[in-house]
Amino acid sequence: MNASEAFLTGAVYLALALLSLSFLVTVLRVVRGPTLPDRIVGLDMLVAVAIGFIAVIGIKTGVTLYVDVAIALGLVGFLATVAFARFVMNRGRDREVDGELQSGSEPLEHRRPEASS
């Protein structure tokens, strides 16, 4: 093993250790919260850490198929984050506002103004 292979091996193990540490800290953030948006950001970070793991394993093994898997995971993670964000936004609209807006009804900005008499 020459110096460049030894350096690459050390860098791979260091990256795996740092990714493991960030995975644990991120799981702690997802579990503890305190709010739903914090948990969503934590889940998005878990996807990013998983992509990092896949990339490092791909470098370690030399298998290029891992790049495709990482790209697919990135796309799915992005779509999941967008879906969660829409859920959080719609959740705020579905809550009752002064007794006028019920769950499943039309948002306030799309309602026609009532005629005042």
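Guide: Let us start with Val27, which is partly exposed because its relative accessible area is 30%. Here buried means under 20% relative accessible area, exposed means over 50%, and partly exposed lies in between (1.4 Å probe, protein chains only). Before we go on, please keep in mind that this is a predicted model, in which local features need pLDDT of at least 70 and side-chain atom pairs count only at pLDDT 80 or more, while totals for chains, interfaces and linings use all residues. Residues are numbered from 1 along each chain as its sequence is written, and side-chain values use heavy atoms, leaving out hydrogens and water.

Val27 is found in helix α1. Helices are DSSP runs of H or I with at least four residues, strands are runs of E with at least two, and both are numbered from the N terminus. Together with Phe23, Leu24 and Val31, Val27 makes a nonpolar surface patch of about 360 Å². Nonpolar side chains (Val, Leu, Ile, Met, Phe, Trp, Tyr) are joined into a patch within 5 Å, and like charges within 9 Å. The areas themselves come from the Shrake-Rupley method with a 1.4 Å probe, and for residues only the protein chains shown count as cover.

Now step to Thr26, also a residue of α1. Thr26 counts as buried because its relative accessible area is 8%. The side chain of Thr26 reaches the backbone oxygen of Ser22 at 2.7 Å. Setting aside neighbours within four places in sequence, Thr26 is in contact (heavy atoms within 4.5 Å) with Gly42, Met45 and Leu46.

Apart from neighbours within four places, Gly42 is in contact with Thr26 and Val30. Further along α2 sits Ala50. With a relative accessible area of 27%, Ala50 is partly exposed. Ala50 and Phe23, the latter a member of our patch, are 27 residues apart in sequence and 8.3 Å apart in space, C-alpha to C-alpha.

What lies between the two helices? The loop between α1 and α2 holds Pro34, and a cis peptide bond with an omega of about 10° joins Gly33 to Pro34. Most peptide bonds are trans.

Val12, Leu16, Leu19, Val49 and Val56 form the largest nonpolar core, five residues in all. α1 (3-32) and α2 (36-61) each supply at least two of its residues, and the largest share, three residues, comes from α1. A nonpolar core is a set of buried Ala, Val, Leu, Ile, Met, Phe, Trp, Tyr and Cys residues joined through side-chain atoms within 4.5 Å. Within this group, Leu16 touches Val56, and Leu16 also touches Phe53 and Ile57, not counting residues up to four places away.

Finally, step back to the whole chain, which has three helices and zero strands. Of its 117 residues, 15% count as buried.

Conventions. A polar contact is a pair of N or O atoms within 3.5 Å; within protein, one must be able to donate a hydrogen and the other to accept it, and residues adjacent in sequence count only if both atoms are side-chain atoms. Patches are made of residues with over 30% relative accessible area and no salt bridge: like charges are joined within 9 Å, nonpolar side chains (Val, Leu, Ile, Met, Phe, Trp, Tyr) within 5 Å. A salt bridge is a side-chain nitrogen of Lys or Arg within 4 Å of a carboxyl oxygen of Asp or Glu.
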